Amino acid sequence: YKDCAERYAAIPAKIQERTYNQALALEEKQDYEAAADIYQSMLDYKDCAERYAENLDRILGPDYDKALALEAAQDYEAAADIYRNMLDYKDCAERYAAIPAKIQERIYNSAMELMHKSKYTEARKLLLDLQDYSDVETQLKECDYQLAIIDENNGNLINAYIAFSKLNGYKDADEKVKRYEDGKIKLVSKAKGLTGEFPVIVFINRTAQIIEVGLGDSSTDMDASFLNMVKTNANYLNQFVGKTAPVDEASIDVVAGATVSSKAVVAAVNAAFVSQGE
């Protein structure tokens with residue numbers, strides 16, 4: 001009838017135009033979410049694709065910029081939280097996927113800074129969280145090596161020996177282990193007599209067995225005579241040979257007339273091992 005066919009055929013375009021104008025009105029009212037939903041449903045119509053992208057920028061742009069700033073500040077965890085909620089926007093998916101590697105790099109750099117400051121224990125804790133990253137395995141060995149050196153310099157020779165023995169082939173660790181195994185490890189402690197103190201020197205082997213116990217001079221004359229009775233009694237001192245800490249006081253026969261000094265030596269021998277972290 002009349003031009004009904006033409007008018008019917010024109011209706012879809014008029015519906016699109018009406019819908020498009022509705023989106024324009026929503027955009028004018030700054031209801032960008034509603035406008036974007038309409039534009040997205042008709043991306044092939046007029047400039048809907050461009051307008052959809054513009055409105056998406058208005059909606060997500062501020063969060064995206066915030067995430068970029070957080071990422072630049074190395075607050076990768078907070079940036080990832082934002083990217084995760086807008087993975088289809090711009091390069092958010094790629095940036096989100098790259099976050100774990102950036103977190104590893106941040107941890108690694110922090111560990112390197114700690115090592116530069118000789119804070120090897122703290123650095124080691126960070127490095128343990130990085131598996132198969134860069135040269136972490138080598139850096140862990142370096143931390144252990146430096147900690148062993150520190151123990152060695154501080155006289156903690158048992159700890160140093162154990163640490164070096166675990167660093168097979170790293171730097172001169174093998175040479176240091178051999179030096180310990182070929183020689184004696186010296187431990188030093190103080191014993192308390194009746195009125196003063198006297199040094200106790202304990203030599204042990206690589207299995208921490210006592211090889212020899214030596215005594216120094218007393219800090220007071222009153223203790224000197226009692227201490228001399230112990231120092232010159234080979235049978236008493238030889239009781240320590242072959243033992244490991246803690247030495248049971250009941251297993252050591254005291255020197256008659258010098259009970260306090262005798263028991264003080266046992267306590268000092270055990271204290272020497274404690275100072276080594278044993």
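Helices, sheet and backbone

Reader: Which residues in H5 meet which residues in H6?

Author: Helices are DSSP runs (H or I, at least four residues), strands are E runs of at least two, and both are numbered from the N terminus. Contact means heavy atoms within 4.5 Å. From H5 come Ile-107, Tyr-108, Ser-110, Ala-111, Met-112, Leu-114 and Met-115, and these meet, in H6, Tyr-120, Glu-122, Ala-123, Leu-126 and Leu-127.

Reader: How many residues in the contact of H5 with H6 are nonpolar?

Author: Ala, Val, Leu, Ile, Met, Phe, Trp, Tyr, Cys and Pro count as nonpolar, Asp, Glu, Lys and Arg as charged, and the others, Gly among them, as polar. The contact of H5 with H6 holds 1 polar and 1 charged residue, and its nonpolar residues number 10.

Reader: What kind of model is this?

Author: Residues are numbered from 1 along each chain as its sequence is written, and side-chain values use heavy atoms, with hydrogens and water left out. Local features need pLDDT of at least 70, side-chain atom pairs count only at pLDDT 80 or more, and totals for chains, interfaces and linings use all residues; the model is predicted.

Reader: Are H5 and H6 roughly parallel or roughly antiparallel?

Author: Axes are lines fitted to C-alpha atoms, for helices over the stretch in contact, and angles run from 0 to 180 degrees between N-to-C directions. Angles under 35 degrees count as roughly parallel, over 145 as roughly antiparallel, 65 to 115 as roughly perpendicular and the rest as oblique. The axes of H5 (residues 92-116) and H6 (residues 120-127) come within 8 Å and cross at roughly 165°. This makes the two helices roughly antiparallel.

Reader: What is the handedness of the crossing of H5 and H6?

Author: A crossing is left-handed if the near helix is turned anticlockwise from the far one by less than a right angle, and right-handed if clockwise. For H5 and H6 the crossing is left-handed.

Reader: How are H1 and H3 oriented to each other?

Author: H1 (residues 4-28) and H3 (residues 48-72) have axes that come within 12 Å and cross at roughly 25°. Their crossing is left-handed. From the angle it follows that H1 and H3 are roughly parallel.

Reader: Which residues in H3 does H1 meet?

Author: The H1 side of the contact consists of Tyr-20, Leu-24 and Glu-27. In H3 these meet Cys-48, Arg-51, Glu-54, Asn-55 and Arg-58.

Reader: How many charged residues are in the contact of H1 with H3?

Author: By class, this contact has 3 nonpolar residues and 1 polar residue. The charged residues number 4.

Reader: How are H8 and H9 oriented to each other?

Author: H8 (residues 157-165) and H9 (residues 173-182) pack with their axes 8 Å apart, at an angle of about 135°. The crossing of H8 and H9 is left-handed. By their angle, H8 and H9 are therefore oblique.

Reader: Which residue in the turn of the E2 and E3 hairpin has a positive phi?

Author: Most residues other than glycine have a negative phi. In the hairpin, 5 residues lie between E2 and E3. A positive phi of about 70° belongs to Ala-208.

Reader: Is Ile-185 buried or exposed?

Author: Buried means under 20% relative accessible area, exposed over 50%, partly exposed in between (1.4 Å probe, protein chains only). Ile-185 sits in E1 (residues 185-192), and its contacts beyond four places in sequence include Leu-157, Tyr-161 and Phe-203. Because its relative accessibility is 1%, Ile-185 counts as buried.

Reader: Is Asp-132 buried or exposed?

Author: Asp-132 lies in the loop between H6 and H7 (136-153). Its phi is positive, about 60°, although Asp-132 is not a glycine. With a relative accessibility of 82%, Asp-132 counts as exposed.

Reader: Which residues does a cis peptide bond join?

Author: Most peptide bonds are trans. Pro-246 is in the loop between H11 (234-238) and H12 (259-274). With omega about 0°, the cis bond joins Ala-245 and Pro-246.

Note on methods
Two strands pair if DSSP finds at least two bridges between them.
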